[in-house]
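Reader: Hi! I'm new to protein structures. Could you walk me through this one?

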Amino acid sequence: MAILIDSGTRILIQGITGSQGSYHAGLMLECGSRVVAGVTPGRGGETVHGIPVYDTVRDAVREQGAEASMILVPPFAVLDAAAEAIENGLRLVVIITEHVPIHDAVKIKQLADSRNCMVIGPNTIGIISPRLSKIGIMPEFLYKPGSVGLVSRSGTLSHEVASNLMDKGVGLSTCVGIGGDPVRGADFVDVLRLFAGDPQTEAVIMIGEIGGIAEEKAAEYLKEGYPKPVYAFIAGRTAPPGRRMGHAGAIVEGSQGTVESKEKLLRDAGVRVLPRLDELVDVVAQLVKSKNSV
Amino acid sequence: MNLFEFQAKQLFKQYGIPIPCGVAALSGREAADEAGKLGGAAVIKAQVHAGGRGKAGLVRLVGNPAEAEQAAREIIGQTYRGELVSRVLVEEKLSVAQEFYLSVTMDWSKGLPVVLASSQGGVDIEELAKKEKGIVMRSLDNLELSYYKAVEILSDAGLKNKVLTGAARVLTRIVRLFREAEALTVEINPLVLTADGVLIAADAKVTLDDEALERHPVGWELAQEDAGDDFARRAREIGVSYVQLDEGGEIGIIAGGAGLAMATMDAVAQQGGRPVNFLDTGGGISRDRMAAALRLVLANNGVKGVVINIFGGINNCLTVAQGITDVVDSDHPAAEIVVKTRGHSQEEAWSLLAKYDMGVVKCGTTVEAVRMLLRSIQKNNCCGGRT
């Protein structure tokens with residue numbers, strides 16, 4: 001069944017006429033995603049890989065019944081694009097763009113919360129339900145379909161885990177990248193909640209990193225009881241404090257946001273935390289295979 | 001981006017937040033001139049980002065221009081907690097009756113700003129937070145703060161009469177600055193009430209969002225001043241994210257994506273290697289920029305090996321491979337190189353890399369790539385060089 005997206009999801013791409021937009025639109029079509037429209041103001045009437053382009057999200061929704069959007073516009077254009085998508089009633093907005101100003105992200109999050117729209121990102125690889133649909137930029141041949149749910153702050157660590165699991169014959173129900181920014185739409189908790197209710201998902205992997213309290217919030221939620229086994233890896237145990245490590249959200253300030261504090265809270269909440277990625281992959285692969293052989 | 005005190009005060013001035021008279025000086029001579037303009041008595045303050053400068057003797061009271069020159073000469077050129085002091089702020093001395101604390105900062109747990117206020121300013125904020133009722137905290141619903149809310153907050157902090165309304169005005173102005181300059185933190189510690197009953201921001205701390213700098217002309221000028229060290233500057237020019245780690249480290253790390261870079265760094269340390277740096281190429285790296293990134297890492301003295309860990313998602317494996325082989329062809333680096341790459345155009349990349357004497361991990365883990373690199377360095381050490 002997967003979460004958030006499946007083979008029927010009607011997707012529009014904001015920024016489809018840009019080089020990244022058109023490149024990834026093509027890749028999404030290749031893996032069977034139902035990209036029904038693109039939106040670039042001023043380019044309405046064109047087509048990209050056969051996909052009709054509109055001037056407005058309003059037109060794309062009216063003409064093609066678009067329900068979800070992927071945003072691939074430059075950083076300073078993201079707020080307007082997201083506002084347009086949210087205010088036109090889309091239920092899901094995936095913001096791939098990195099380097100979105102934080103105050104803009106604050107406004108996007110507030111708007112989404114007020115309209116019951118799920119925003120994924122910014123600064124994310126997106127979402128993939130393998131062989132069903134992809135709203136994102138991950139190389140889909142590294143993602144095999146299966147029963148493990150994956151939710152991650154790091155896009156490339158998602159590729160790592162997905163591809164390593166695939167090499168062991170294990171696949172994913174859905175992978176959701178919540179992104180590397182400190183102010184984001186959906187958080188771990190929001191995705192965990194969805195995985196809890198998804199019949200296809202047997203186990204969940206969380207990939208976190210230093211900085212912020214997303215993992216801590218997840219631990220609080222999981223402590224109440226969670227119906228499936230959860231595994232976690234937190235990157236950055238060797239990162240020096242006070243230095244921002246790439247992601248805007250990855251910085252340890254004082255005692256907040258350390259790997260140690262995150263791991264402890266998650267373990268106390270019943271999560272199996274592995275200190276090494278290869279161990280995580282081995283353990284999950286073992287679990288899935290043992291379930292399958294029963 | 002952290003502004004220096006003198007830069008933050010320039011911004012304060014634009015927003016009608018009262019600051020002491022003062023000018024930044026780059027030398028003893030300039031400090032003497034500025035002290036003279038202030039009438040002789042002044043405070044000489046090192047312009048550094050790290051806190052605790054007062055206790056380190058980097059803030060000095062002087063009584064005349066000669067003393068100002070002396071103090072400035074002693075302070076400028078010192079290194080304080082890794083920072084080279086290149087400027088001092090020469091400021092009028094304030095007669096302090098009371099000290100308050102005001103700030104607005106991002107509360108990452110809510111994704112919204114939080115205002116902090118206290119009638120006991122001038123001390124370490126963490127100390128303040130520990131005292132019962134030491135600090136008033138109010139979360140904001142958005143990026144604004146109305147005057148009446150500012151009055152409520154400061155009334156809760158114990159302020160009254162003209163000081164209450166004066167401080168409330170300052171608070172609304174720092175929130176406006178926070179919003180318009182797209183700051184992540186604006187802090188005044190202390191906000192001084194002088195013996196004459198005037199409120200003045202004796203210190204100023206502003207942190208701006210790096211991602212928003214380009215759309216603020218003021219921020220952009222200020223950013224030019226903050227050059228950073230050589231490697232940091234070159235990394236910015238290439239457009240990659242770079243953190244220098246252990247000076248004595250021997251393993252260079254280049255990864256596509258911050259999470260993967262951190263995990264690679266962790267894997268190196270876990271297997272007994274010493275990472276010398278963390279370099280995140282980000283997405284969409286070109287052949288030239290890949291080459292420049294590799295050259296930057298190889299420029300670290302003592303680098304014995306580099307692990308390159310890049311997925312072809314938003315990046316392209318072949319482009320990455322070409323950047324790497326360009327460097328090997330032209331520079332013949334002595335360091336061992338292991339490349340782990342997989343994704344778009346992987347077959348072409350692997351074919352190209354197969355022609356070179358470097359380790360390649362195709363369908364394996366980061367841990368394997370690191371292990372391969374550490375083994376080949378060890379072999380090198382044993383056999384005394386490349387065979």
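**Chatting through the model**

Author: Happy to! One residue to begin with is His99(A), which is partly exposed, with a relative accessible area of 39%. Keep in mind that this is a predicted model.

Reader: Okay! Where is His99(A) found?

Author: His99(A) sits in the loop between strand 6 (92–95) and helix 4 (102–115) of chain A. Its phi is near 65°, a positive value in a residue other than glycine.

Reader: And what about Asn123(A), buried or exposed?

Author: Asn123(A) counts as buried, at 12% relative accessibility. Asn123(A) also has a positive phi, about 60°, although it is not a glycine. You'll find Asn123(A) in the loop between strand 7 and strand 8 of chain A.

Reader: Which peptide bonds are cis?

Author: One of them runs from Gly121(A) to Pro122(A), with omega near 10°. Pro122(A) is placed in the loop between strand 7 (118–120) and strand 8 (126–129) of chain A. Another cis bond goes from Asn189(B) to Pro190(B), with omega near 15°, and Pro190(B) lies in strand 10 of chain B.

Reader: New topic! How many disulfides does the structure hold?

Author: Zero, over all chains. Take Cys175(A): the nearest cysteine sulfur belongs to Cys31(A) and is 13 Å away. Cys175(A) is buried, with a relative accessible area of 0%.

Reader: Got it. How many residues of chain B are in contact with chain A?

Author: There are 52 residues of chain B in contact with 52 residues of chain A. About 4100 Å² is buried between the two chains, and carbon and sulfur atoms give 61% of that area.

Reader: How many salt bridges are there across that interface?

Author: The rule finds three. One of them joins the side chains of Arg342(B) and Asp167(A), at 2.7 Å from N to O. There are also 16 residue pairs in polar contact between chain B and chain A, counting pairs with both residues at pLDDT 80 or more.

Reader: Which element of chain B gives the most to the side that touches chain A?

Author: That's helix 9 of chain B, with nine residues. By class, the side of chain B that touches chain A has 21 nonpolar, 17 polar and 14 charged residues.

Reader: Thanks, that helps!

Key: Residues are numbered from 1 along each chain as its sequence is written. Chains are lettered from A and ligands numbered from 1 in the order in which they are written. This is a predicted model: local features need pLDDT of at least 70, side-chain atom pairs count only at pLDDT 80 or more; totals for chains, interfaces and linings use all residues. Side-chain values use heavy atoms; hydrogens and water are left out. A disulfide is a pair of cysteine sulfur atoms within 2.5 Å. Buried means under 20% relative accessible area, exposed over 50%, partly exposed in between (1.4 Å probe, protein chains only). Contact means heavy atoms within 4.5 Å. Buried area is the accessible area (1.4 Å probe) that two parts lose on being put together, summed over both. A salt bridge is a side-chain nitrogen of Lys or Arg within 4 Å of a carboxyl oxygen of Asp or Glu. A polar contact is a pair of N or O atoms within 3.5 Å; within protein, one must be able to donate a hydrogen and the other to accept it, and residues adjacent in sequence count only if both atoms are side-chain atoms. Helices (H or I, at least four residues) and strands (E, at least two) are DSSP runs, numbered from the N terminus. Ala, Val, Leu, Ile, Met, Phe, Trp, Tyr, Cys and Pro count as nonpolar, Asp, Glu, Lys and Arg as charged, and the others, Gly among them, as polar.
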